[in-house]
Amino acid sequence: MAYDEALAAEIRKLVPDATEKKMFGGLAFLINGNMAVSASGQGGMLLRVDPADTPTLIERPEASRFAMRGREMDGWLKVDTAGLTTKRQLKSWVSRGVTYARSLPAK
């Protein structure tokens, strides 16, 4: 499944200073070389967040830990499309990812 082009376009509007890179089967948006958010190739969005915030964020029905090679990781979330239906929801999630990526050292 290809990533959602419309979702990528909306993310692009929210983060015009991001570098775009195809990765994880989707289109990732990087801040200073660190991934902030991605239009996922599996639908929805992949989001990088502070690992300490993961337990609280996954209490939301649209969010879950992202699993890579069967291993779930704190700091990486999968946000289902149900949680991205309004601009307000999308902006909230994207802002969280961008804020965390900006807090990391540049690569």
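Select β1 and β2: they make a hairpin with 2 residues between them, and phenylalanine 24 in the turn has a positive phi of about 55°. A word on what you have loaded: it is a predicted model, where local features need pLDDT of at least 70 and side-chain atom pairs count only at pLDDT 80 or more, while totals for chains, interfaces and linings use all residues. Residues are numbered from 1 along each chain as its sequence is written, and side-chain values use heavy atoms, with hydrogens and water left out.

The labels follow DSSP runs numbered from the N terminus: helices are H or I runs of at least four residues, strands are E runs of at least two. Two strands pair if DSSP finds at least two bridges between them. Here β1 and β2 run antiparallel and are joined by 5 bridges. To see one of them, pick glutamate 20 and its bridge partner in β2, phenylalanine 29.

**Stop two: along the sheet**

β2 and β3 pair in the antiparallel sense over 5 bridges. Their hairpin also has 2 residues between the strands, and asparagine 32 there takes a positive phi near 50°. Is asparagine 32 buried or exposed, or partly exposed? With a relative accessible area of 47%, asparagine 32 is partly exposed; the cut-offs are under 20% for buried, over 50% for exposed and partly exposed in between, using a 1.4 Å probe and protein chains only.

Move on to β3 (residues 34-39) and β4 (residues 45-48), which pair antiparallel over 3 bridges. Click alanine 39 and you'll find methionine 45 as its bridge partner in β4.

Now show the whole sheet. It is open, has 6 strands in the order β1-β2-β3-β4-β6-β5, and its pairing is antiparallel. At the edges sit β1 (19-23) and β5 (63-68), each pairing on one side only. From one strand to the next, the twist averages 40°. Strands in a sheet pair through backbone hydrogen bonds, either parallel or antiparallel.

Then jump to arginine 69, in the loop between β5 and β6. Arginine 69 is a residue other than glycine with a positive phi, near 55°, and at 85% relative accessibility it counts as exposed.

**Stop three: the helix across the sheet**

Select α3 (residues 87-103). It lies across β2 (26-31), β3, β4, β5 and β6 (71-79), and runs at about 40° to β4. Axes here are lines fitted to C-alpha atoms, for helices over the stretch in contact (heavy atoms within 4.5 Å), and angles run from 0 to 180 degrees between N-to-C directions.

Which residues of α3 are buried? Highlight Leu90, Trp93, Val94, Gly97, Val98, Tyr100 and Ala101. They sit on the same side of α3, because they cover an arc of only 165° around the axis, the arc being that of the directions from the helix axis to the C-beta atoms. Turn to the other side of α3 and you'll see Arg88, Lys91, Thr99 and Ser103 exposed.

**Stop four: the core**

Next, the largest nonpolar core, which has 25 residues; Ile11, Val37, Met45, Trp93 and Val94 have the most contacts inside it. A nonpolar core is a set of buried Ala, Val, Leu, Ile, Met, Phe, Trp, Tyr and Cys residues joined through side-chain atoms within 4.5 Å. α1 (5-14), β2, β3, β4, β6 and α3 each supply at least two of its residues, and the largest share, 5 residues, comes from α3. Apart from this core lies another, of 7 residues, among them Ala28, Leu30, Met35 and Leu46.

Zoom in on valine 94: leaving aside neighbours within four places in sequence, valine 94 is in contact with Ile11, Leu14, Val15, Val37 and Met45.

**Last stop: alanine 8**

Finish in helix α1, where alanine 8 is found. Alanine 8 is buried, with a relative accessible area of 0%. Not counting residues up to four places away in sequence, alanine 8 touches Tyr3, Leu27, Phe29 and Ala39.
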